[in-house]
Every structure is written in structure tokens, then in C-alpha cells.
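Colleague: I'm new to this one. Could you walk me through how you decide what to call things?

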Amino acid sequence: MKPDEPGNRRRGASRHRAGEPHRADGELGDSEAQLTRSAQGDPAAFTHLVKTHSSALHGYFARRMPAASEDLLAETWLQAFAARRTFDPARGSARGWLFGVAHNVLAQQLRRAGRREPAPGPDVTDPWQVVDQRLDAAAMAPALRRALAELPPEERELLLLISWEQLTPTEAAAVVGIPAGTARSRLHRARGRLRDRLTPSRPAGRNLTATGDLA
């Protein structure tokens, strides 16, 4: 998959995930090949996928609905196995496809609970820790939380899929079900809103240094 922007190409080169070897464009990665083989009837291939991606998928749920994270992870793998023949490597990565399944499972759980967005309770380990660590000035963290909370849900989810889950913009777009071009424009708008809200709170004499994911 080709990243969307020159900056993403640079980040894509360093965003190498455990179990995912570097590959030339057009060449199937390990997870894409395993998911394809699973769809063709190889049971061991799906076991490999579970071992490779369970930790990341569990983190996705733990940051959004921790009390149900184990059940949601199990349901994700059940639905992914049932839908494995729908995966098309020409349309995106196996990782992005799996996060799309997880996103749908979370949405189903929220609908059953009569909610539209996750509402972490007091038992949650601070879900903003990873984002906080991406800032040069720790004093910016409360302002960042407030600014993110004010974003439209879809824009916030795009940003957090990229920052928390380390998805590419194209993968994040597929997860929330919008075209990559639409995701780029919404990410640009969301980043602009964050800059506008955070600039007045910037500590004197310090520059806000966020990663390219949030900048």
C-alpha cells in the first residue's frame, strides 16, 4: 500500500511492526499472505494472525471500553474468521482490515449499550498517556485532552487510530469507512483545530513538538 503523502512515506519506512517484514510495493506482506491462505482453507494461517495482532487489537479495546476488552477481542476474532474471505489485499493491509472489524465490533457493543462513543470509567488506566508522551512539554497534556474532546467524533477517531494504534492515514480511513481523500481533509482540519486550541496554551519559550501524527 502506498502512503498518502510524502511525510507518510518517510514515517512508513520507520513504522515497521513486529511480525511484519519490509516488502516492495505490490508484494504481499506476511499478514496479508496469512489472511489470504486462511481464506483458502489453511487453519494454521489464521492462528498466526491471532498471535501477531491480538496485542494491538486488545489495546484498541482497552483504551476505549476496558471492562469488555477481552470479550470484544474474542468477538473480533470470531467475526474476522467468519468474514476472512472478504479480505482483498488490493484494497488495503490485513492490519487495517482487522482494525475495521474491531471498529465494527465496538460500534455494535456501543449500540447495545445505548451509546455512541466509549465513556471510560474511573478504573481505566489514563488512556491519554501515549498521546501525552508525544508532547515535548508535559504542561500541554491537559489542554490536549480538552482539545481532542472538542473534536467531532470521526476526526478524533482518525487522529487516535494514527497516534494510538499506529495505523497509516489510509488504514485509518478504511477503519472508519470513508475514502482516503476525505480522511486526509478531515485530518488536516482536525490538526488545524488542535493547533488553534493549543497555541494559546503553549508554555513560554517552548515550542510544541508533537509527532507528525498530531502536528
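This is a predicted model: local features need pLDDT of at least 70, side-chain atom pairs count only at pLDDT 80 or more; totals for chains, interfaces and linings use all residues.

Colleague: Why is Ser 69 called buried?

Modeller: Buried means under 20% relative accessible area, exposed over 50%, and partly exposed in between (1.4 Å probe, protein chains only). Ser 69 comes in at 5% relative accessibility, so it counts as buried.

Colleague: And what does Ser 69 touch?

Modeller: Contact means heavy atoms within 4.5 Å. Not counting residues up to four places away in sequence, Ser 69 touches His 58, Phe 61 and Ala 62.

Colleague: Why does Glu 154 count as partly exposed?

Modeller: Its relative accessibility is 28%, so Glu 154 falls into the partly exposed class. Leaving aside neighbours within four places in sequence, Glu 154 is in contact with Ile 178 and Arg 186. The C-alpha atoms of Glu 154 and Ile 178 are separated by 9.9 Å.

Colleague: What makes helix H2 largely enclosed by the rest of the structure?

Modeller: Helices (H or I, at least four residues) are DSSP runs, numbered from the N terminus. H2 covers residues 30–39, and seven of its ten residues are buried, so we call it largely enclosed. Among them are Leu 35 and Ala 39. The buried residues of H2 pack against helix H3 (43–62) and helix H5 (94–112).

Definitions and conventions. Residues are numbered from 1 along each chain as its sequence is written. Side-chain values use heavy atoms; hydrogens and water are left out. Helices (H or I, at least four residues) and strands (E, at least two) are DSSP runs, numbered from the N terminus.
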